[in-house]
Amino acid sequence: MKMIGLLISILACPLYPQAAAHAPGYLAGSSIPDLILLLPATPAPGSARDNMDRQVFRDTRALVDSDRWRLAQRDDKLSVTALLSALRCSMGAELNAENAPHLVTLLARVFTDAMNATNPAKEHFQRKRPFLVDEGPICITATPAFAKTSDYPSSHATISWAFALILAEIEPANTAQILTRARTFGESRVVCGVHDVDAVEAGRIAGSAVVASLHGNQEFGADLERARAEIAKHRSRAKLAAGGSCASEAALIAVSPY
């Protein structure tokens, strides 16, 4: 009953950094990747890389109210449920707590591991979000608390990439589709105007490091096998019909937004 209650709270919560403690992670201590050591330093103000990030922010403001902008707004939601929904077309399945409880619980714990890795790095690098450097609309309403959070690395990119790598192991035939959608989930943060390109690219490195560390954890390995067996068992029931919104999404993300 305690685990069921925990799972309900995980699914009901948007799981931004301040909510990540709802599920215990697999990693602790030195097994959590040191992203301060791993990630390259943020671009110096006025450097070529910094100027590129700022130009991309200015250029992508032209996407306001476009279909890609609306996808970025949907991709702002960060939870296990929201990410499984975002990845549904690439997975070819509707997965949720009812038909994939082992998978959902595993991903909730990985979410915490990813946040435990990215939070110290955000505190260390302290790079301002792009809309605080240059003026321009963003696809969400930024609260004062959100505006105080750091740009680098992107938590959305870290978590979506980590989830995608795990899901690609479970469904290897869909690896390219799953990773493509996770890549565009991170790119949505640039379209939205809340992260620089540099922060999203760092998030993919961070997500890869988290998954690499997880593969040294026996409990994660056992849970991954349970999730794999669960998806295999319920694949026919969870199957998603092709076409419709999935075809529209595939056409939309086939074009780079910047």
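Contact here means heavy atoms within 4.5 Å. The structure is a predicted model, in which local features need pLDDT of at least 70, side-chain atom pairs count only at pLDDT 80 or more, and totals for chains, interfaces and linings use all residues. Residues are numbered from 1 along each chain as its sequence is written, and side-chain values use heavy atoms, with hydrogens and water left out.

The protein holds 13 helices and 0 strands. Helices (H or I, at least four residues) and strands (E, at least two) are DSSP runs, numbered from the N terminus. Along the sequence the pattern reads α-α-α-α-α-α-α-α-α-α-α-α-α. Of the 258 residues, 52% count as buried. Buried means under 20% relative accessible area, exposed over 50%, and partly exposed in between (1.4 Å probe, protein chains only). Among contacts between residues at least 6 apart in sequence, 84% join residues at least 24 apart.

Helix 7 has 25 residues. From its first C-alpha to its last, helix 7 reaches 36 Å, close to the 36 Å expected at 1.5 Å a residue. The expected span is 1.5 Å times one less than the number of residues in the helix. Just after helix 7, Gln126 takes a positive phi of about 50°. Thr118 is placed in helix 7. Its relative accessibility is 0%, so Thr118 counts as buried. Leaving aside residues up to four places away in sequence, Thr118 touches Leu35, Pro153, Ser155 and Thr158.

A search of the whole structure finds 2 disulfides. A disulfide is taken as a pair of cysteine sulfur atoms within 2.5 Å. With bonded cysteines counted along the chain, the pattern is 1-4, 2-3.

Cys89 and Cys246 form a disulfide, with their sulfur atoms 2.1 Å apart. The link of Cys89 and Cys246 is left-handed, with -80° about the S-S bond. Cys89 lies in helix 6 and Cys246 in helix 13, so this pair ties together parts that are 157 residues apart in sequence. Both Cys89 and Cys246 are buried.

Cys139 and Cys192 form a disulfide, again with sulfur atoms 2.1 Å apart. The link of Cys139 and Cys192 is left-handed, with -95° about the S-S bond. This pair links distant parts of the chain, 53 residues apart. Cys139 sits in the loop between helix 7 (101–125) and helix 8 (144–147), and Cys192 in helix 10. Cys139 counts as buried at 7% relative accessibility. Cys192 is buried, with a relative accessible area of 0%.

The second largest pocket contains about 280 Å³ of space. On a 1 Å grid over the protein atoms alone, a pocket is an open set of points where a 1.4 Å probe fits, with protein on both sides within 12 Å along at least five of seven lines; lining residues have an atom within 4 Å of a point. Grid points are joined across faces, edges and corners, and the volume is the space filled by probe spheres set on the points. The second largest pocket is lined by 16 residues, and the closest to its centre are Leu71, Arg74, Ala86, Arg181 and Glu249. At least two lining residues come from each of helix 4 (67–74), helix 5 (80–86), helix 6 (88–91), helix 10 (175–192) and helix 13 (245–253). Helix 13 gives the most, with 4 residues. The lining divides into 6 nonpolar, 3 polar and 7 charged residues. Ala, Val, Leu, Ile, Met, Phe, Trp, Tyr, Cys and Pro count as nonpolar, Asp, Glu, Lys and Arg as charged, and the others, Gly among them, as polar.
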